[in-house]
Amino acid sequence: MRAGAALIALLFVALFAAGCAEVPQAEIDSAMAAYALAEKADAEHYASAAWRELQDAKNALDTELETQAANSGFSRSYVDAQDLAAKLQTAAEYAHKEAQKGRERVKVEYSDFLVKAEDDLTEAEEKVSKIRRRNRDKMNYDDRMAVIEAARNLAKVADAGSEEFAHEAGGKR
């Protein structure tokens, strides 16, 4: 009987100790600090798949903590919460790393885009310059032809002209 009383006392102490299980606050704080870094790195935009996994891990931990808080003191156990906090930290560190990679990838793509745009702009400027030179040369030719035509009219000579202008117009030298 004495052994039975000791067993009951031991069981009571074990249940009391289990009921006094403490929240793994240090692990949770560490996981939440890693979560904040992933959030600051904009993992939601630069590593959306890793961010979704991170959110799932955070929701699982939050749910477990709420479940344990709702349990009576004798049935609380934070073993799963400690495991979930470790998973949250791992997911947060991964999301942070993937967000940094994503950000660098966007920088490279943006830089490549700018280089291509600058090349395209240079090419367009060269084409515009070539068109302007062609138009300027054509206007000069037209101006010269107008002077020759005016000279013909003033001199009242029908075939007056310049050999080089006739050649440019398709005539023979």
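Visitor: What share of the contacts with a separation of 6 or more comes from residues 24 or more positions apart?
Guide: Those pairs account for 67%, where contact means heavy atoms within 4.5 Å. This is a predicted model, in which local features need pLDDT of at least 70, side-chain atom pairs count only at pLDDT 80 or more, and totals for chains, interfaces and linings use all residues. Residues are numbered from 1 along each chain as its sequence is written, and side-chain values use heavy atoms, with hydrogens and water left out.

Visitor: How many helices and strands?
Guide: Six helices and zero strands; helices are DSSP runs of H or I with at least four residues, strands are E runs of at least two, numbered from the N terminus.

Visitor: Ok, Glu-64. Where is it?
Guide: Glu-64 is in helix H4, residues 48-70.

Visitor: Which side chain of opposite charge is nearest to Glu-64?
Guide: Arg-76, 10 Å away. Lys and Arg count as positive, Asp and Glu as negative, with His and the chain ends not counted. Glu-64 is buried and has no salt bridge. Buried is under 20% relative accessible area, exposed is over 50%, and partly exposed is in between, with a 1.4 Å probe and protein chains only. A salt bridge needs a side-chain nitrogen of Lys or Arg within 4 Å of a carboxyl oxygen of Asp or Glu.

Visitor: What does Glu-64 touch, then?
Guide: Leaving aside residues up to four places away in sequence, Glu-64 touches Ser-77, Asp-80, Ala-81 and Leu-84.

Visitor: New topic: Arg-136. Which helix?
Guide: Helix H5, residues 79-155. Arg-136 is partly exposed, at a relative accessible area of 43%.
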